[in-house]
Amino acid sequence: MASVPRACPDCLRRSRLLAHLGPYVERVASGAPGSRSPELLRLCNEDLLAVAAPKVAGQLLARVEALDEAELGEELAAAGCWACCPHGALYPAALGDAADAPWALIGRGDHRLLAELEPAVGVTVVGARRATSYGREIARELGRDLARAGVIVVSGLAFGIDACAHRGALEVGTTVAVLGCGPDTAYPAAHRSLWRQVCEKGLILSELPPGAPPWRWTFPARNRIMAALTGMTVVVEAAARSGSLITADLAADLGRDLGAVPGPVTSRASAGPNNLLAGGACVVRDAQDVLDALLGAGARRLDRTGPALDLALLDALAAVEAGAVTADGVATALTLSGGEAAAALARLELLGYVTCSPLGVYTRTSMASLEQGDV
Amino acid sequence: MQRNDLLRPTREIHLHSVVAVLAIARTFTLDGIAARPVRVEVDVHRGLPGFAIVGLPDAAVREARERVRAALVNCGFEFPLQRIVVNLAPASLRKAGPGLDLAIAAALLSASGQLEWEALPRVAMVGELALDGSTRAVHGALAIAEAAREDGAEAIALPAENGAEAALAEDIDVIPIDGLGRLRSLAAGEWEPRRPEALPLLLDAAAGAPDLADLRGQPHLRHALEVAAAGGHSVLMVGPPGAGKSLAASRVPSILPPLASAEALEVARVASACGRLGPSLPGGRPFRAPHHTISASGLVGGGSPPGPGEATLAHRGVLFLDELCEFRRDALEALRGPLEGGEVAIARAGARRVLPCRFMLVAAANPCPCGRGEADPDCTCAPVEVQRYQGRLSGALADRIDILTAVRQPSPAEIGGAPGEPSADVRARVIAARERQAQRLGPGRCNAEMTPAEARACSLNTAAAALLADLYARQRLSGRAHDRTLRLAQTIADLAGAESIGEEEMAQALQLRRRDRG
């Protein structure tokens with residue numbers, strides 16, 4: 001087992017400074033929501049202090065300078081974390097592409113994953129926190145299928161799309177979560193168990209030290225890390241002005257591939273990705289599209305064809321595809337009895353063609369049926 | 001008999017300085033939905049005029065003093081200006097309600113020598129007195145009449161309004177009286193009142209009650225309700241407001257089998273104890289839909305003295321919890337035990353009461369706080385809110401729910417379409433399925449009550465077993481969910497008249513079952 005990575009004290013002091021500057025940057029960045037914080041983070045310590053907290057600059061700087069290496073190391077070890085920086089081993093080279101790359105990267109979990117995390121084998125999946133069941137199902141599938149194909153799925157542990165992408169990836173493998181708070185803090189708190197799973201099976205990254213609380217500005221800041229870490233960023237669902245689009249912009253600026261999952265043009269939740277598609281983003285219908293874009297067309301094939309279906313099940317599947325989301329809707333659309341519709345949906349679910357939410361809402365998966373392909 | 005000998009009507013006690021007369025009457029006080037016997041001992045002796053009631057009376061019993069005094073005087077009796085002590089035995093039992101008035105008055109009349117009534121201790125008496133001496137109806141007459149019979153009373157005298165209700169109890173004379181004045185002729189044996197006609201036990205709802213035909217379209221919802229009724233399974237409907245959840249729930253009693261006469265008597269006993277019996281019995285199975293602001297003790301019973309809650313009022317019927325997510329968590333938690341055991345035990349200082357509550361649970365919930373459902377792009381709920389809201393659906397009570405059905409807003413074509421299948425047809429199938437269950441499990445039992453051992457003993461064909469095993473392996477089903485699916489499949493097979501569970505029935509059960517994880 002490789003030894004625990006180490007970061008140089010200057011880089012660790014920088015992360016401490018960012019934590020101290022939380023409320024000050026919040027005030028400066030609040031004028032221009034979100035997107036300004038990555039620009040601020042480009043500045044060196046002195047300039048950053050001069051912009052964000054001119055009155056207490058000297059005081060804060062002195063406080064951070066006073067931290068010695070042993071103290072910083074103990075703090076990390078106490079929180080079960082480790083760190084790496086551009087001046088040491090394991091720091092992802094891809095981050096160097098960005099002018100505003102984080103100095104130190106604090107991690108928790110399996111650091112060997114960091115060595116594997118090349119842009120060519122990483123995909124960032126982002127999207128709305130308020131996602132529809134369609135978006136969630138797609139995110140989960142993308143996560144699962146990409147992880148199965150050996151791609152590392154990176155996301156932000158937020159509600160909605162992020163969590164589904166992580167969960168999908170964890171079903172079959174590993175995943176990387178980049179946080180806007182210290183890596184030892186589960187945020188949002190409701191995702192504590194997911195956070196723990198990622199710690200055990202994957203990797204948590206952040207540029208903030210353990211114990212740092214999240215601020216509004218830290219989320220766009222972590223978005224820049226997510227965008228830079230991987231070779232492609234996929235937006236699953238996002239409203240027209242969503243934080244996920246910041247990640248998409250940052251990825252595009254870095255020359256990374258940009259993908260978007262198309263949705264209904266009337267759906268507010270799909271406005272963001274639809275706009276990206278109109279602007280030339282790569283269409284992502286399933287994990288195969290991502291693999292083609294990332295590795296070159298046909299480089300790796302995913303078999304998504306499900307078992308053969310009889311006519312009754314094909315009809316039921318067609319009804320779900322046509323927008324019947326409940327058993328009642330399927331029964332009405334096909335003039336079946338309630339029992340017949342129930343049995344058909346149960347079979348489709350078992351075969352993997354549809355999934356059912358705990359509230360009884362059915363969603364089509366991307367599994368292709370044979371007959372459809374033949375037509 | 002020996003007990004009755006001890007209860008001599010009047011006993012004169014001669015001491016050299018005191019002449020006191022003691023009279024005893026027999027009455028009952030309501031405790032939960034059961035009646036407990038109370039002896040009223042009245043002692044009248046010389047001394048400073050006064051009227052004291054002892055023996056744990058509540059406020060209503062204490063106020064009997066004023067009612068009895070006025071009623072006696074207004075009926076032409078004399079209120080003795082002596083020292084009167086009324087003792088209510090057993091002294092440890094808390095006596096509640098105004099039903100003791102009549103017995104206190106009768107014993108007082110006997111003790112003061114105004115009434116020579118040899119048979120007084122053999123006749124039970126209940127009734128509230130008005131100031132003019134007429135009687136007013138009391139709660140729980142049926143339970144009281146039954147308790148009087150158990151206690152060995154030969155007859156029970158009670159207000160005429162309660163006569164028909166009390167006459168439901170067999171093997172006891174029911175004497176309806178309309179006022180205190182009647183006691184005179186009754187004691188003298190000059191008046192032989194007729195036994196009132198007993199209330200007819202209505203095993204079924206009256207014609208014109210809500211019918212399932214009103215539910216148009218929505219085939220899956222109908223199917224889910226039919227399965228629920230056939231196996232006594234609890235069901236949760238999730239869907240937007242106005243989709244017909246409440247309408248569907250109120251039709252569930254109409255597809256349940258009619259009450260057996262013993263069950264109807266249980267329903268009548270509960271209704272009587274709560275004073276909910278009007279001129280006739282409520283027809284058929286009760287349907288209770290408490291508002292979601294109800295407290296835990298309102299739902300399962302409680303208070304001081306402990307009274308029945310909605311769960312008991314829904315005994316042998318349907319308890320409908322609309323807006324399940326809005327109910328207080330402690331109230332739903334409290335419902336958990338009763339739902340499994342079929343009875344609720346209320347322990348309060350002093351006593352523990354067990355009330356029956358064998359009901360079928362029907363619940364409804366919106367998919368999210370705004371009601372539109374997350375799939376609807378107009379839903380404005382924040383993810384945290386939705387998560388918190390749905391989290392309430394996975395609580396301990398939801399764990400007891402067998403069937404989940406997603407209710408959809410019916411299309412205009414469905415609403416304007418032909419009426420659905422009437423309740424009578426659905427009910428015929430439900431009755432047939434219940435008969436099959438009774439043959440297998442024993443009389444009165446249904447599939448929802450199967451023990452895990454019984455559920456696992458259900459006969460499945462190989463295809464059905466393979467289907468269940470497949471799901472069990474793939475979705476990491478809990479043992480409880482596994483058994484629940486088996487129970488549901490058995491009910492669907494019973495409805496279909498199949499000997500064993502086939503693949504089709506199992507597939508339907510897999511779809512209908514409530515999912516565990518969110």
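**Notes on the predicted model**

1. In chain A, helix α7(A) meets helix α8(A): G135(A), R136(A), A139(A), R140(A), E141(A), L142(A), G143(A), R144(A), L146(A), A147(A) and R148(A) of the former are in contact with I161(A), C164(A), A165(A), H166(A), R167(A), G168(A), A169(A), E171(A) and V172(A) of the latter. By class, the residues of this contact comprise nine nonpolar, four polar and seven charged. It should be kept in mind that the model is predicted.

2. The geometry of this helix pair may be stated briefly. Helix α7(A) covers residues 133–148 and helix α8(A) residues 161–172; their axes come within 7 Å and cross at roughly 35°. The crossing of α7(A) and α8(A) is right-handed.

3. Chain A as a whole contains 17 helices and eleven strands. Its radius of gyration is 22 Å, close to the 21 Å that the globule rule gives for 375 residues, so chain A is as compact as a globular protein of that length. The C-alpha trace of chain A spans about 75 × 45 × 35 Å along its principal axes.

4. What percentage of the 375 residues in chain A is buried? Buried residues account for 55% of them. As for the contacts in chain A between residues at least 6 apart in sequence, 72% join residues at least 24 apart.

5. Turning to chain B, five of its strands form an open sheet with parallel pairing, in the order β12-β13-β16-β11-β17. The edge strands of chain B in this sheet are β12 (287–288) and β17 (403–406), each of which pairs on one side only. Helix α8 of chain B (residues 219–231) packs on the sheet, where it touches β11 (235–238) and β17 of chain B. The direction of this helix makes about 165° with that of β17(B).

6. Which residue of β13(B) is the bridge partner of R288(B)? The partner is L319(B).

7. The two chains touch each other, with 33 residues from chain B and 32 residues from chain A taking part in the contact. On the side of chain B, the elements that give two or more residues are α8, α15 (383–391), β17, α19 (462–474) and α21 (503–512) of chain B. That side of chain B has 16 nonpolar, nine polar and eight charged residues.

Note on methods:
Residues numbered from 1 in each chain as written. Chains lettered and ligands numbered in written order. Predicted model: local features only at pLDDT ≥ 70, side-chain atom pairs only at ≥ 80, totals over all residues. Pairing = 2+ DSSP bridges. Helix = DSSP H or I, 4+ residues; strand = E, 2+ residues; numbered from the N terminus. Contact = placed C-beta atoms within 7 Å. Axes fitted to C-alpha atoms, helices over the stretch in contact; angles between N-to-C directions. Left-handed = near helix turned anticlockwise from the far one by under 90°. Nonpolar A, V, L, I, M, F, W, Y, C, P; charged D, E, K, R; others polar. Rg over C-alpha atoms; globule rule 2.2 N^0.38 Å. Buried ≥ 20, exposed ≤ 12 C-beta atoms within 10 Å, placed from the backbone.
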